[in-house]
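Colleague: I would like to learn how to read a few local features of a protein model with some care. Could you take them with me one at a time, giving the general idea before the case?

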Amino acid sequence: MEPGRIAVIVGLCASILTFVVYLRLLRPTSSKLLWGIARSSLAISAASSVFCFAWLMRLVATKQFQYRYVFDYTSADLHGAFLYSATWAGQEGSFALWAALTGLIGLLVAWRARDWEPRVMPVYMTNLIALFAIMHWLSPYVVMPPETGPRPSDLPPGMPWPPPWPPQDGNGLNPSLQNIWMAIHPPTIFFGFACLAVPFSYAIATLLWRSYDEWVKRVSPYVLLTVGTLGTGLFMGGYWAYETQGWHGFWAWDPVENASLFPWLGALALAHGLIVQRSRGGMTRTNLFLAIASWLLFVYGTFLTRSGALANFSVHAFGMLDNAALRILVILIGVQGVAGLGLLLWRWRTIRGQKMSESVLSLDSAMWFAMVLMCVAAAIITLGTSWPLISRWPIWKSIPALSAIYAADGVRVEPIFYNRIGTALVLPTLLLIGLTPFLVWGRTDSEQLLKRIMVPWLSAIVGGVALLAFVLHEAASGFEAGTPRVVTVAVGTLGLFAALASLWLAIKLVRARPVYIGGWLAHAGVGLLLLGTVITNVYEKTASYAVIEGRGPVRTAFGYSLEFLGWTHEGKTEEEVLKDWKRFDHAVRLRVTPDRGGERKGYEARVAVFKYWNAGQGEWSTMTWPDIRKQWHRDIYLAAADDPRLVRPIATLSPGETSTIGVPGLGPTGYEVRYDRFYRSSTGAQMAGEMGAEMTLLTPDKREIKIRPGLAFDGGEPRPVHVAIPELNGAVILEGGIQPETKQVTAAFELPGAPASWVVPIAATNKPMINLVWLGVVLIGAGSLIAMTRRAGEMRATAKTSA
Amino acid sequence: MKRGPLVAFIVLVGAAVLTFVSFSGATARHVTIAEAMRLNGQVVQVPGRILHDTVRYDLQGDRGELRFDVADMQGGSETMTIVYSGAKPENFANATSVEAIGAYSGGVFRARTLLVKCPSRYQGSDQKQASTQASKVDSDGNVSR
């Protein structure tokens with residue numbers, strides 16, 4: 001039997017055994033044997049999960065094309081890191097990745113849980129059981145039987161059919177996935193989500209054993225790890241989109257993106273709630289709720305994006321889960337949801353926390369308010385993402401006041417909804433972040449606060465004035481921003497305030513207690529991220545230009561000009577040129593010259609344009625990748641707006657006229673053509689024949705050559721006929737048919753000394769201050785990880801003192 | 001003093017009001033071509049089969065303009081011209097249908113978002129559900145897949 005399939009079954013059995021034995025260990029026992037069984041079966045199940053993943057990776061990396069999964073996601077020419085990252089390119093592989101990380105983190109949890117081990121592990125194991133079950137029904141280890149192997153549409157035309165067995169090549173990894181960010185984005189995201197299972201497990205154990213404060217220290221590191229990795233992972237996905245998709249933005253409020261965002265917001269709120277509980281003893285119920293809810297939101301998001309329920313409302317490729325696998329996911333949500341929320345309700349009255357300070361000007365209130373903002377954001381985004389499903393409920397029809405909501409096919413919520421919500425929530429969020437460094441638990445002396453807040457606040461105002469000047473300058477130069485100016489300036493100023501205030505505290509702390517700066521760094525990152533987002537999104541400008549071979553530089557509106565230099569691969573036989581078009585590094589070379597600074601500061605941009613075999617569609621598709629030039633204050637982002645095309649010299653004329661032949665926009669070639677008369681001839685059958693123009697071509701050296709370009713018809717659509725001009729080693733073809741009344745035609749020529757020219761439609765985008773976004777993301781990630789190190793250190797310290 | 005319920009009430013009402021206010025005009029009803037033309041000026045989502053002979057990409061103007069006709073997906077006889085300003089969506093040449101979000105006005109459908117749908121390998125095969133691969137461009141020039 002297939003080793004991968006065996007490992008899945010072994011893992012499933014071992015996980016169930018682990019679950020059962022840990023439950024048995026809850027009763028006081030000194031049986032060394034039972035402990036041995038629990039831990040070895042846990043080790044076996046973790047090892048199986050890792051083996052399943054490693055085995056799949058081996059199949060992928062060694063190109064075992066007889067496996068359906070390998071055939072679908074790799075090809076013979078795939079190499080380097082992408083040979084490994086192709087392991088998680090598909091639905092099945094991503095479950096294998098999730099399972100392996102869950103298995104590994106399970107070992108860590110069991111090791112760190114000490115006396116809580118039998119309380120936490122059964123809950124945690126339910127995830128691993130579900131994942132193994134999904135991998136059993138949605139197996140990545142399916143070997144194709146030769147008769148149902150590759151379908152004809154899987155292979156490009158010209159390949160021998162039937163292909164050799166086992167197949168020598170696969171469908172290949174979608175070129176857009178062959179990007180370093182896309183290679184590391186899924187492991188990062190799944191690592192974050194696997195960590196999110198830990199607070200959920202602890203929350204359930206806490207509720208069962210009613211020890212409401214002990215879990216705080218234990219779960220804090222995991223929660224911060226989730227916040228850091230998931231947050232960074234989300235933006236890796238965004239950066240990938242920015243870099244490979246000719247997608248000028250990094251966030252589109254698409255269901256797939258939202259499905260990771262709302263659990264992240266939940267985890268973020270939990271991270272803050274745990275700080276409150278640890279310092280003030282409050283928020284006990286809230287934290288338990290958040291730990292349960294954010295995990296459930298994640299499983300729900302997985303269900304949304306993988307069930308295909310939203311396929312008509314998203315831009316992403318949606319894999320459809322096999323029904324059995326989908327059912328397991330639904331059961332998982334049901335069991336964990338009922339158990340978690342039910343337990344919480346049952347214990348609700350027994351949970352007691354300390355009363356929080358009621359002073360508005362206190363860290364207590366700030367934390368409370370911040371968590372309300374995060375929860376509201378998470379709830380509204382969840383609602384918006386689910387709207388295509390909710391609006392399909394028939395119940396709306398029966399309530400007269402709400403019947404307008406109902407739509408049989410579902411209704412999508414547009415990005416503008418999230419942008420409005422975002423704007424409303426971002427302003428108070430930034431104000432809070434800016435104030436937090438100056439607040440203390442209990443009650444803050446308002447005079448002290450005013451004194452200390454002065455410097456960052458005034459600096460932010462100065463920055464805000466500079467931003468206002470920029471906004472007015474843009475408006476004066478005729479750029480109509482869609483966002484009201486007051487919103488732009490307000491978000492920018494408050495973002496700067498948040499960043500400066502947090503950095504101020506981080507700098508004060510860094511010498512005394514470097515490990516304490518994590519949270520403040522992350523806060524500074526949020527401020528910079530939002531400042532950058534508002535500038536870059538509001539003041540991004542795109543303009544399209546036709547860059548034409550041989551025509552010289554085209555001036556853009558952004559202070560530089562573009563000139564066609566050629567292709568990266570050129571000047572070879574037609575066969576080789578065709579091959580080159582299929583290489584990812586096949587690109588248009590453009591000379592970018594700034595208006596100021598001239599040649600010296602210019603550079604050569606390479607806008608990739610290439611063909612790849614799209615097996616899903618059974619066609620060659622064109623793919624383009626942008627060229628991004630990073631400057632400190634902006635990105636110069638050049639992408640192909642449409643397929644480049646070869647434009648031949650043409651002449652448009654009616655019978656009796658004489659016209660010069662030229663490339664539009666480039667001027668005459670020296671050749672002329674005279675349209676002598678229209679002709680139409682039938683051959684035998686009535687409906688078949690040819691019609692066209694009898695013409696005389698006048699060469700620069702005054703020769704006259706008779707030509708007869710025309711259209712052939714045989715009942716259907718007339719087809720232009722490619723007519724050779726042997727005297728000149730050239731050719732002529734009619735473009736766009738013949739005008740029925742005037743018999744006007746457009747003839748395109750291939751002539752010596754008058755070559756065809758490439759026309760490349762380029763969309764040039766100016767992205768001001770986008771680097772602030774990436775800087776903010778780096779600070780958020782780094783800050784969360786520093787905070788995690790601190791909490792992990794504290795957890796170890798407590799363990800030592802209690803031992 | 002029991003402030004809890006009062007505060008929870010205020011938060012809930014605030015969130016509900018915020019959602020409600022943001023919601024207006026942010027949803028696009030799924031309609032057929034005929035309905036979209038009738039609902040002149042209203043933002044709707046229309047599926048349509050791309051008539052590839054009619055596709056024009058024009059570089060005139062600042063952002064480039066894509067113009068094409070679509071036919072009814074259910075086999076109705078209506079066709080409609082869609083105008084979209086921005087770069088041509090990446091998969092457009094191979095796409096069979098689009099989901100256009102925008103409003104009909106002045107004889108054409110001005111799309112602010114195009115969800116481009118490509119035929120999947122599973123179509124017509126024994127798999128029950130066809131997966132779709134899509135790329136999207138919205139009017140800010142964002143393209144994603």
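This is a predicted model: local features need pLDDT of at least 70, side-chain atom pairs count only at pLDDT 80 or more; totals for chains, interfaces and linings use all residues.

Colleague: What is the pattern of chain B along the sequence, and what share of its residues is buried?

Modeller: The chain has two helices and eight strands, and along the sequence they follow the pattern α-β-α-β-β-β-β-β-β-β. Of the 145 residues in chain B, 50% are buried, while the accessible surface of the chain comes to about 7000 Å², with 53% of it belonging to carbon and sulfur atoms. If we take the contacts in chain B with a separation of 6 or more, 45% of them are between residues 24 or more positions apart.

Colleague: How should I read a pair of aromatic rings?

Modeller: The general idea is that such a pair is described by the distance of the centres and the angle of the planes. Over all chains there are 32 aromatic pairs, and one of them is formed by W181(A) and Y239(A), whose rings are 5.3 Å apart centre to centre with 70 degrees between the planes, an edge-to-face arrangement. This pair links distant parts of the chain, since W181(A) is in helix 7 (residues 180-209) and Y239(A) is in helix 8 (residues 214-244) of chain A, 58 residues apart.

Colleague: Are W181(A) and Y239(A) buried or partly exposed?

Modeller: W181(A) counts as partly exposed because its relative accessible area is 28%, whereas Y239(A), at 13%, counts as buried, the cut-off for buried being under 20%. Ring pairs can also join into a cluster, as they do for F95(A), W98(A), F190(A), F193(A), F200(A), W295(A) and F298(A). A charged group may lie over a ring as well: R629(A) is over the face of Y603(A) at 4.1 Å from the ring centre, and the charged end of R708(A) is over the ring of Y679(A), 3.9 Å from its centre.

Colleague: Which residues have the most contacts inside the largest nonpolar core?

Modeller: In soluble globular proteins, nonpolar side chains tend to be buried together. Here the largest nonpolar core has 187 residues, and those with the most contacts inside it are Y141(A), W215(A) and W295(A). Another core, of 26 residues, lies apart from it and includes M80(B), I82(B), A100(B) and L114(B).

Colleague: What should I look for in the backbone angles?

Modeller: Most residues other than glycine have a negative phi. R114(A), however, has a positive phi, near 50 degrees, and lies in the loop between helix 5 (91-113) and helix 6 (117-137) of chain A. K743(A) also has a positive phi, of about 60 degrees, and lies in the loop between strand 19 (730-738) and strand 20 (745-750) of chain A. R114(A) is partly exposed, at 35% relative accessibility, and K743(A) is partly exposed at 27%.

Notes
Residues are numbered from 1 along each chain as its sequence is written. Chains are lettered from A and ligands numbered from 1 in the order in which they are written. Side-chain values use heavy atoms; hydrogens and water are left out. Rings of Phe, Tyr and Trp (its six-membered ring) pair if their centres lie within 6.5 Å; planes under 30 degrees apart count as stacked, over 60 as edge-to-face and the rest as tilted. Helices (H or I, at least four residues) and strands (E, at least two) are DSSP runs, numbered from the N terminus. Buried means under 20% relative accessible area, exposed over 50%, partly exposed in between (1.4 Å probe, protein chains only). A charge sits over a ring if NZ of Lys or CZ of Arg is within 6 Å of the ring centre and within 35 degrees of the ring normal. Contact means heavy atoms within 4.5 Å. Accessible areas come from the Shrake-Rupley method with a 1.4 Å probe; for residues, only the protein chains shown count as cover. A nonpolar core is a set of buried Ala, Val, Leu, Ile, Met, Phe, Trp, Tyr and Cys residues joined through side-chain atoms within 4.5 Å.
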